[in-house]
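Welcome! Please take a look at the sequence and the fold below, and then let us walk through them together.

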Amino acid sequence: QVQLVESGGGLVQPGGSLRLSCAASGSIFSIHSMAWYRQAPGKQRELVASMRSGTRNYADSVKGRFTISRDNAKNTLYLQMDSLKPEDTAVYYCKLDGLRPGFLAFSSWGQGTQVTVSS
């Protein structure tokens, strides 16, 4: 089983920065795609950023401000968030899809980390 542990959330003032981390543990043969989602109170979960085969995609609302990256050696996914706005306030979740040894597919979610942007 692949488990994801997120960290890095918190309270930040508008215009500030945070970096979220998502550490994967367990037996992983390969990772096909990685993504960050967020869910604000009363709203549906939305895709914020994704990376697949080296191609990065971002929601229009975060383009130019957020950067998704990966450390292969550490099996860790990151989301660098700059120029944060109050509307970025949400619980952020990471998601990984790939294969475990034996070519068993997995799709795992992190537990979520709260990001609050407020003065």
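## A tour of the model

Cys22 is buried, and Cys94 is buried too; buried means under 20% relative accessible area, exposed means over 50%, and partly exposed lies in between (1.4 Å probe, protein chains only). Before going further, a word on the source: this is a predicted model, in which local features need pLDDT of at least 70, side-chain atom pairs count only at pLDDT 80 or more, and totals for chains, interfaces and linings use all residues. Residues are numbered from 1 along each chain as its sequence is written, and side-chain values use heavy atoms, with hydrogens and water left out.

Back to our two cysteines. A disulfide is a covalent bond between the sulfur atoms of two cysteines. Here the cut-off is a pair of cysteine sulfur atoms within 2.5 Å, and by this rule there is one disulfide. Cys22 and Cys94 form a disulfide, with 2.1 Å from S to S. This pair links distant parts of the chain, since Cys22 sits in strand E3 and Cys94 in strand E9, 72 residues apart. The torsion about their S-S bond is about 65°, so the disulfide of Cys22 and Cys94 is right-handed.

Now for the strands themselves. The labels come from DSSP runs, numbered from the N terminus: helices (H or I) have at least four residues and strands (E) at least two. Strands of a sheet pair through backbone hydrogen bonds, either parallel or antiparallel. In this account two strands pair if DSSP finds at least two bridges between them. Four strands make an open sheet in the order E1-E3-E8-E7, with antiparallel pairing. Strand E1 (3–7) and strand E7 (66–71) stand at the edges with a single partner strand each, so one side of each has no neighbour in the sheet. On average, neighbouring strands of this sheet are turned by 15° against each other, direction ignored; the axes behind this angle are lines fitted to C-alpha atoms, for helices over the stretch in contact, and angles run from 0 to 180 degrees between N-to-C directions. Within the sheet, strand E3 (residues 18–25) and strand E8 (residues 76–81) run antiparallel and are joined by six bridges. Arg19 has Gln80 in E8 as its bridge partner.

Strand E11 (residues 113–117) is worth a look as well. Thr113, Val115 and Val117 make up its covered face, while Gln114 and Thr116 make up the uncovered one. Which strand pairs with E11 in the parallel sense? Strand E2 (residues 10–12) does, over three bridges, and Val12 stands opposite Val117 in E11. Strand E9 (residues 90–100) runs antiparallel to E11, and three bridges join the two; there, Tyr92 stands opposite Thr113 in E11.

Charged side chains come next. Side chains of opposite charge can pair when their charged atoms come close. A salt bridge here is a side-chain nitrogen of Lys or Arg within 4 Å of a carboxyl oxygen of Asp or Glu, and the whole structure has five of them. Asp88 and Arg65 meet in one, at 2.8 Å from N to O. That pair links distant parts of the chain: Asp88 is in the loop between E8 and E9, and Arg65 is in the loop between strand E6 (55–58) and E7, 23 residues apart. Asp88 counts as buried at 0% relative accessibility, and Arg65 does at 10%. Arg38 and Glu46 form another salt bridge, at 2.7 Å from N to O. Arg38 is buried, with a relative accessible area of 6%, whereas Glu46 is partly exposed at 34%. Arg38, Glu46, Arg65 and Asp88 are linked in a network of salt bridges.

Our last stop is the aromatic rings. Rings of Phe, Tyr and Trp (its six-membered ring) pair if their centres lie within 6.5 Å; planes under 30 degrees apart count as stacked, over 60 as edge-to-face and the rest as tilted. By this rule there are three aromatic pairs. Phe29 and Phe103 form an edge-to-face pair, 5.3 Å centre to centre with 65° between the planes, and both Phe29 and Phe103 are exposed. Tyr37, Tyr93 and Trp109 form one aromatic cluster.
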